[in-house]
Amino acid sequence: MENKKSQKGIAHWLRNSLTARMFMIGFLIIVLILPLTYITFLIQERSQRQSSVVSEVGRLWGKEVVLEGPMLRIPYKTYKKTSTYDETTKKSTIKKEEFITYAYFFPETLDIDSDLNALKKKRGIYETSVFTAAMHISGYFEFPDFSEQDIAEEDILWEKAVIMIRTSNLKGIKNQIKMHFDGDTYTFRPKFKQSGVNEHHYASYLNMNQLESTFLKSGALEKTKKLAFQTEMTVNGSTQIRFIPVGKETKVHMASNWAHPSHTGAFLPNEDSEKKEDATGFVANWTVYQTNRQFEKSFFGSLPDLLTFGFGTELLVPVDEYQKSERSTKYGYLVISLTFLVFFLIQSISKINIHPFQYLLIGLALVMFYTLLISISEHQNFLKAYLISGSAVVLLISLYSRSILRNPKFTLLITASLSALYGFIFVIIQLENYALLVGSVGLFLILGMVMFASRKIDWSGNSQLT
């Protein structure tokens with residue numbers, strides 16, 4: 001008999017104790033972390049799928065474009081002496097070995113005029129930016145100077161000199177590259193791997209491939225004149241285009257019909273370029289001097305990795321829906337906690353009993369908002385997806401709360417609270433520089449309202465109005 005009374009007492013305490021309700025709500029919030037975590041993984045999986053589609057489009061159309069060059073490459077002879085001692089004859093023999101090494105010379109001026117015709121490519125529900133870049137490349141070299149390296153004139157193999165261009169995207173090139181150099185025309189051919197560069201060094205260039213001209217004609221390199229060059233290159237690429245400033249003075253002019261550029265890399269465009277961006281496209285100009293780029297105009301032995309000095313433009317797809325969905329999911333715990341808090345306050349200042357299972361259903365409805373948001377945003381813009389998902393969840397919970405609270409005023413409070421909360425989260429997601437400030441002020445106001453509403457709760461344990 002006493003056992004039954006004890007069980008009834010425990011059941012009564014669980015139903016009416018504020019402490020028990022708070023522990024129950026806290027436990028449910030912890031339980032709902034599992035589906036929220038699953039949704040976060042779902043967003044990441046869909047985002048990775050989008051990235052793989054972008055890579056696939058890039059593989060077929062043409063990947064990111066990186067251009068390095070042109071530069072002169074001239075081989076020369078180096079020697080290594082080794083001494084061996086013969087124990088039998090007691091004499092030392094000196095052996096002289098000959099090696100071929102390469103010198104690289106960068107141009108005095110490099111001018112690149114690039115016209116990017118950009119468009120969107122779709123694969124299923126995903127889209128990415130692709131472009132065709134028509135580039136006019138010109139400039140001039142000074143006569144190569146070997147004097148600082150103490151290399152004898154007879155060791156320089158002038159007849160083996162070539163012009164070299166490196167690029168990340170051989171597949172995307174759409175024309176036969178021919179360079180006019182000192183009145184002659186030279187055709188370029190691909191070289192999978194440059195001789196004289198060791199495996200470790202070449203690996204640092206990732207997917208940079210090499211184009212070389214035929215050997216320069218005898219007399220092409222003369223001390224008395226500027227070694228002028230010009231060539232045309234048309235290349236298909238995706239996502240972004242970058243240039244390595246190998247010229248002592250490098251100038252790049254870029255014009256495109258893409259309305260959402262992001263200028264990236266070691267150097268930003270000249271200030272006058274910033275005013276030339278609108279809905280019809282953009283125009284950007286860069287000027288980079290040798291004093292800016294932190295490397296000299298010639299190298300002997302091997303080329304260093306110069307990719308960190310690259311600059312250019314990324315063609316952004318205007319909205320990254322997955323990034324916004326992921327940001328909104330991070331506020332899921334806040335939405336669930338505040339919604340449960342509103343129901344808890346209503347339950348605590350009234351005689352209405354809300355079962356733990358009803359709390360769980362409300363929490364699951366709040367979690368469903370994020371799956372709706374992800375799925376709809378893949379077919380509509382983020383604003384429409386957010387409005388549809390938010391409206392559906394607010395309507396569902398409002399109708400459900402009408403049946404369990406049986407009071408129009410409480411239902412209206414739930415509807416207003418959820419609408420304000422989702423609106424507040426949407427504003428924070430859109431903001432970047434002021435997101436922390438707005439979020440902090442908003443949470444402070446919410447805390448104030450909760451403190452004001454909790455004044456009516458009898459914390460001694462009676463579920464009645466005081």
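Is Phe 267 buried or exposed? I began my notebook with this residue, keeping in mind that the model is predicted, and I found that Phe 267 is buried, with a relative accessible area of 15%.

**Entry 1: aromatic rings**

I looked up the aromatic pairs next, and the count comes to 26. One of them joins Phe 267 and Phe 311 in an edge-to-face arrangement, with 6.0 Å from centre to centre and 85 degrees between the planes. This pair links distant parts of the chain, since I found Phe 267 in the loop between β12 (261–265) and β13 (277–278) and Phe 311 in strand β16 (residues 311–315), 44 residues apart. Phe 311 is also buried, at 0% relative accessibility.

I then noted one aromatic cluster, which is formed by Tyr 76, Phe 105, Phe 143, Phe 146, Trp 158 and Phe 300. At another ring, that of Tyr 140, I saw the charged end of Lys 226 sitting over the ring, 4.6 Å from its centre.

**Entry 2: salt bridges**

I counted 7 salt bridges, and I followed three of them through the chain. Glu 64 forms a salt bridge with Arg 242, where the closest N and O atoms are 2.7 Å apart. Glu 64 lies in the loop between α2 (18–61) and β1 (65–86), while Arg 242 lies in strand β10 (residues 240–244), so that this pair links parts of the chain 178 residues apart. Glu 64 counts as partly exposed, at 24% relative accessibility.

Arg 73 forms a salt bridge with Glu 212, and here too I read 2.7 Å between the closest N and O atoms. Because Arg 73 lies in strand β1 and Glu 212 in strand β8 (residues 209–213), the pair ties together parts that are 139 residues apart in sequence. Both Arg 73 and Glu 212 are buried.

The side chains of Lys 248 and Glu 108 meet in a salt bridge of 4.0 Å, N to O. Lys 248 lies in the loop between β10 and β11 (249–256) and Glu 108 in the loop between β2 (91–105) and β3 (109–123), so this pair ties together parts that are 140 residues apart in sequence. I noted that Lys 248 is partly exposed, at 35% relative accessibility, whereas Glu 108 is buried, at 8%. Glu 108 and Lys 248 belong to a network of salt bridges that also includes Glu 142 and Lys 297.

**Entry 3: a buried charge**

**Entry 4: two helices**

In helix α7 (residues 356–377) I looked up Ser 377, which counts as buried at 4% relative accessibility. Its side chain reaches the backbone oxygen of Leu 373 at 2.9 Å, and that of Ile 374 at 2.9 Å.

Helix α8 (residues 382–405) has 24 residues and reaches 33 Å from its first C-alpha to its last, close to the expected 34 Å. Its buried residues include Phe 382, Tyr 386, Ser 389, Val 393 and Ile 397. An α-helix has 3.6 residues a turn, so residues three or four places apart point the same way. Just after α8, I noted that Arg 406 takes a positive phi of about 55 degrees.

Methods:
Residues numbered from 1 in each chain as written. Predicted model: local features only at pLDDT ≥ 70, side-chain atom pairs only at ≥ 80, totals over all residues. Heavy atoms only, no water. Phe/Tyr/Trp six-rings, centres within 6.5 Å; stacked < 30°, edge-to-face > 60°. Helix = DSSP H or I, 4+ residues; strand = E, 2+ residues; numbered from the N terminus. Buried < 20%, exposed > 50% of the residue type's maximum accessible area, 1.4 Å probe, protein only. Lys NZ or Arg CZ within 6 Å of the ring centre and 35° of its normal. Expected span 1.5 Å × (residues − 1). Polar contact = N/O pair within 3.5 Å; in protein donor to acceptor, adjacent residues only side chain to side chain.
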